[in-house]
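Here are some exercises to work through with the structure open beside you. Try each task before reading its solution.

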Amino acid sequence: MKRLPNALFLWLLLAPALIWLGGLIIVPHLEMLILSLRIRVAPQQYTYGLSQYATFFNEPLYWHTFVRTAVLSLSATALSLVLAFPVAWHIAKIARGRSKVCLFALVLMPFWISEMVRTLGWMILLRANGVLPQLLQACGLTTSPVELLYNDGAILLGLVYSSLLFMLIPLINALETLDDSLIEAAYDLGGQGFNILREIIIPHAAPGIAAGTIMVFMLTLGNYLTPVLLGGKNSMWFTEQIYTQFITRFNWEQGAAFAFLLLALSTLLVFCGLKLSGQSFADVMRRT
Amino acid sequence: MINSIPQSLALRSARRIYLAAFLLFLFLPLTVVVMFAFNDAAYPMPPWHGWTWDWFFADGQHERTGVFFDTELLTSLRYSVQVACAVSLISLVLGTGNAFLLERFRFRGQPALALAMLLPLVIPGVILGISILALMSQLAQFADDYLGLELDFLRPGLVLVTLGQVSYIASIATLTISARLKRFDISLEEAAQNLGASRSAIFFTILLPYLRPALAGAAIMAFLLSFENFNTTYMLTGSDAPLTVMIYGRMKEGATPVVNAISLLLMLVSAVCVIVMSRGKPER
C-alpha cells in the first residue's frame, strides 16, 4: 500500500480519526473553555470574562479542595511507588520460571476487576460494623467498634490500591532490561545496597518510574469513585465539585471553569514531571 | 539484591514476608466481597450467619431478591452489554484505521495526529464526560431553537455513554493494533503484490490474519474497559443506568449482599475475558 499514494484511501482513513478526535475531544474542550468564560447577565444574555475563575480563588472551600486533591494525589503516587518497587524488583529480577509467571499473573489479577467491586471490598473491611473493626474488637484492641472508613487514610488506601497496577507494569518492564552483571560488578567493586540502588538501579529504571508516577498521578487526580465512596461526605475531592456544579447545581459555567483548572493542574504537573526526568510524553504513554 | 549475590537470611525472609503481605493486601478486599455474597444476613457485614444462595437465586417471595430475579439489575446489565458491544465495535474499526494511518502513510501533520491520539488517555474521565455532555447539549439546544429538531440522542443517555467511552477506548485500541502492525514484515505484502494480488486480497488474506490476535485482544480489552467504566459513564448517563451506575446507587444507599453477588459474577466475567485474551497472544 505504501507504493500507492492514494489520496482517496488516505482520506477515507483520516475522516473517522478526525471525527473522533475533533468531535469527541477537541471541540468539546473548546466548547467547555468558552463556557467557562461566559457570564450570565440576564436570561439568554451573556458577556465574557474571568469571573468563574475569580469565584474559585475567592471561595476558600473550592481552592482548599483543589489543593487537598493535589496533595492527596501526590501522596498516593509516592506511596504506590514505594510499595510497588520491591514487588516489581522481585518479579523482574528474583523470581524465575513458573513462579515468576504465576506471581505476575497474581499481581495483575485484581486490576481486571471493576474498581467498583474493589471499593466495595474496602467498604466491607473498614466500615464501623465491618470486618477489621470487629476483628480489632475481638482481639481486645478496642472496646467499641472504630470507624475506619470516611477519613483521609481510607481515601489514600483506596487510591493506592486502585493505582498499583499502573505503577507495577512500567516498573517491571524497566527493571527487566537491567543487566544483572552491572549489579554484580558494582557489588564486586564494593558497592553497598543503598549505593547500588541510587547509582545504578534508579537511574536505569527512571523511564519506568516516570511512566508509572505520571500515569498514577493522573488517574488519582481524576478519580471520582474511590474518594467519594471511601471518603464519604468529607471526601472533598475536586472531581466531586465538578460533578456538583454540573449535575446537581446545573451551574455549567462554574463547572467548566473547575474542569479546566483540574486539567491545567494535571497538565502542568505531568509536564514538570516529564521535564525533570527528561522523558518524552509519547514514550511514557507507550510504556504503560 | 539479585540471586547471584549472597544475602543474609534475615533479608531474604524480610523480602518474603513483604511479598506475602503485599499479596494479602491485594486479595483481602476481593475475598470479603466473595465471602459476603454467601452470608445469610441482610447486610454484607459480619457476623457470619451461615451460607446461603439467596443472593443469587431468591425469587423475591420471601423479602429477598437474588441477582437472577432482580429485574432492575438485569436491565442495567443489558444496557452495559449493549454499550460495551457498541464501544468495542466502534473502537476496533477506528483503531484499525488509525493503525494504518500511523504505520503505512507519511503525510504532513502525521506526528501531530499521532500525539493527538494519545491525548484522551491523559484527560481525566470525569472531564471527558462533562465536556462531551456540554457540547452535545449545546448542539441539541441549537437544533431545537433554530431548526426545530428534537435530537433526543444528544441528551444524556446510552448514546452519549457510548460516545464518551469511545473517546478514550479508541486510543487504547489504536495503541494495541498499531504495535502489532509495526512488527509486520512488509516484504510479505510486496511479494503478494508482485504476484499480482489485489489490495483487498492482500488485506484479507495476509494482513487481517496477522492482525487477528491484536484485534481480538483490543476487542476484549475495549469490552472490559467499557463494562467497568464509571467516571465517564456517570456524567453522561440518563434515566437508563448501566450496571456500574446502578451498583453505585445501591452502594450509596447501604450495600446489600445482592451487590456482592453481582460483583462475584463480574469477577468471573473478567476472569474469562482475561484467560481468552492471554490465550490469544502467546508470544507476549
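Contact here means heavy atoms within 4.5 Å. This is a predicted model, in which local features need pLDDT of at least 70, side-chain atom pairs count only at pLDDT 80 or more, and totals for chains, interfaces and linings use all residues. Residues are numbered from 1 along each chain as its sequence is written, chains are lettered from A and ligands numbered from 1 in the order in which they are written, and side-chain values use heavy atoms, with hydrogens and water left out.

**Exercise 1.** Find out whether A:Val107 is buried or exposed, and list what it touches.

*Solution.* Start with the helix: A:Val107 lies in H4 (residues 97-108) of chain A; helices are DSSP runs of H or I with at least four residues, numbered from the N terminus. Next, take the accessibility: buried means under 20% relative accessible area, exposed over 50%, and partly exposed in between (1.4 Å probe, protein chains only). A:Val107 has 1% relative accessibility, so it counts as buried. Finally, leave out residues up to four places away in sequence: A:Val107 then touches A:Val87, A:Ile91, A:Leu168, B:Leu23 and B:Leu26.

**Exercise 2.** Work out how H6(B) is oriented against H8(B), and what class of residues meets there.

*Solution.* The axes of H6 (residues 158-182) and H8 (residues 199-228) of chain B come within 9 Å and cross at roughly 150 degrees. H6(B) is therefore roughly antiparallel to H8(B), on a scale where under 35 degrees is roughly parallel, over 145 roughly antiparallel, 65 to 115 roughly perpendicular and the rest oblique. Then sort the residues: this contact of H6(B) with H8(B) has 16 nonpolar, three polar and one charged. Ala, Val, Leu, Ile, Met, Phe, Trp, Tyr, Cys and Pro count as nonpolar, Asp, Glu, Lys and Arg as charged, and the others, Gly among them, as polar.

**Exercise 3.** Which residues have the most contacts inside the largest nonpolar core?

*Solution.* A nonpolar core is a set of buried Ala, Val, Leu, Ile, Met, Phe, Trp, Tyr and Cys residues joined through side-chain atoms within 4.5 Å. The largest has 164 residues, and A:Tyr224, A:Ile242, B:Leu101 and B:Tyr248 have the most contacts inside it.

Note on methods
Axes are lines fitted to C-alpha atoms, for helices over the stretch in contact, and angles run from 0 to 180 degrees between N-to-C directions. Helices (H or I, at least four residues) and strands (E, at least two) are DSSP runs, numbered from the N terminus.
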